[in-house]
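Dear colleague,

Please find below the structure that I am handing over to you. I would be grateful if you could look through it together with the notes that come after it.

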Amino acid sequence: MTGRPQPQPDTAQGEPQVLRDILLSPGYMRVLVLCAVIGIPVSLVAFWFLAGLHALERALWDDLPHALLGRDTPPWWWPLPLLAIAGAVVGIVVARLPGAGGHVPADGLQPGGASTAALPGVLIAATASLPFGAVLGPEGPLIALGGGLALLLRDLTRGPTTPQATALVAVAGSAAGMAAIFGSPLIAAVLLIEVVGLGGPRLFAVMLPALLSSGLGALVFTGFGSWTGLKTGGLSAKLPEPVPPLHAGDIAWTLLIAVLVATAMHGVLAAGRRTAAYVSPAAHEPRGIAVRTLLCALGAGICAALYALLTDRPPTEVASSGQALLPELVSHPHTWGVGALIGLLLLKGIAYALCLGSLRGGPVFPALFLGAAVGALIAPLPGLGFAPAVAAGMAAASTTLLRLPVSCVVLVVILLGAPAMTPAVILAAVTAFITGELLPLLPLPWRKRAPETG
């Protein structure tokens, strides 16, 4: 040992060299090629999965009421039997099948995908939840489906099975599966940056397969959709033109909207986690899980039925993810009166909390819709414009539910197609994120199950 100081590594030059070494390694290049190949079949499966969900939803909520009752819209009681069926099927899947039908939506978006053994349960639970009226979106099952299929294809082609390769393949499959549902592969890639939670050179190593696979997936969705004429229900919500510039009043209101929306959505998330604790497999026998899941789903159906009775509007405005209604809400907010918007927010919020903890799907779409509904409701306040109110509401609601502020900023700006609203979106997302961090939240019960090791 000597007292001579040791030279320190030059981190400014070290990270580029690390990234260069990763990119040039034969193993990484094989994984990158495998991810490019995987992106096409995963995207095709995701396309047909979403097209099937969309067709089943139309059959249940449009065609069947017309065929049985001669009605163009379902009656007020229609959500009750459909959501009861959803709860019964999902309860059985959670209690009996491997993987419990995928991750619980109250836990946010999860990286990677389901194991190959869990894929049947994920497909059945999503099919029973989403078309039957669950207040959830398809992004959660798509992440699990894409990642699980990617790992299955990796195994069939005898691809690399190292932990690093497995993680890259699963993330790439998830990106390919969810790229088109958000209307942009960029949104899928940015979401996975925050969901995976990596940094430095390894971040780029993870994101290159995700970008490549999601880009190919978007091409497949675009081309295949135009060839077949089938719809998958992609998300879009363009603001009416022209979008006015932001004013000082808009910015002041944005901060207040973010705090209020974050507080309300934090309550929804807390209620969703309490619902998850109520039906948690850790606390109940299989029969109890199925019964409690059924009761929670039926509660969501009652919310939709009450909304239809009180407002004389279709129950599908509550019993849905809000994905199909979001463009109409943003483009024609006056279609809803003040009373209808208040009822929509209260009852859809309750149904959302019940579905977050009991059924299977993703948390993104209902959060965006509820945030937009808050913006539409309060936009007439003095000094506040409609565009910044909707933008702030969507950003605050999605950030509170997902805890992914950068992803939510990109998502809302691209969906609204209004770059001028970017400052309001950023302020709302940051304010909502801080507000959510300062509020207590019930931990999920299954995170306590792992035994401690000495």
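Predicted model: local features only at pLDDT ≥ 70, side-chain atom pairs only at ≥ 80, totals over all residues.

I begin with the surface. A nonpolar patch is formed there by Leu-64, Leu-68, Leu-69, Trp-76, Trp-77, Ile-302, Leu-306, Leu-309 and Leu-310. Together these residues have about 870 Å² of accessible area. Two helices, α2 (26–69) and α10 (286–311), each supply at least two residues of the patch. The most comes from α10, which gives four residues.

The aromatic residues come next. The structure holds two aromatic pairs. In one of them, the ring centres of Phe-47 and Trp-48 are 5.5 Å apart and the planes stand at 85 degrees, so this pair is edge-to-face. Phe-47 is buried, at 1% relative accessibility, whereas Trp-48 is partly exposed, with a relative accessible area of 45%. Trp-77 and Trp-78 also form an aromatic pair, with 5.5 Å from centre to centre and 50 degrees between the planes, and this pair is tilted. Trp-77, which also belongs to the nonpolar patch, is partly exposed at 34% relative accessibility. Trp-78, by contrast, is buried, with a relative accessible area of 6%.

As for the cysteines, the count of disulfides comes to zero. Cys-296 counts as buried at 6% relative accessibility, and Cys-355 counts as buried at 0%.

Finally, I would draw your attention to Thr-399, which lies in helix α14 (residues 386–402). Is Thr-399 buried or exposed? Thr-399 counts as buried, because its relative accessibility is 0%. Which residues is Thr-399 in contact with, leaving aside its neighbours within four places in sequence? They are Leu-404, Pro-405, Cys-408, Ala-429, Ala-432 and Phe-433.

With kind regards

How values were computed
Residues numbered from 1 in each chain as written. Heavy atoms only, no water. Patch = residues over 30% accessible without salt bridge, like charges linked within 9 Å, V, L, I, M, F, W, Y side chains within 5 Å. Areas by Shrake-Rupley, 256 points an atom, 1.4 Å probe, with all protein chains shown as cover. Salt bridge = Lys/Arg side-chain N within 4 Å of Asp/Glu carboxyl O. Buried < 20%, exposed > 50% of the residue type's maximum accessible area, 1.4 Å probe, protein only. Contact = heavy atoms within 4.5 Å. Disulfide = S-S within 2.5 Å. Phe/Tyr/Trp six-rings, centres within 6.5 Å; stacked < 30°, edge-to-face > 60°.
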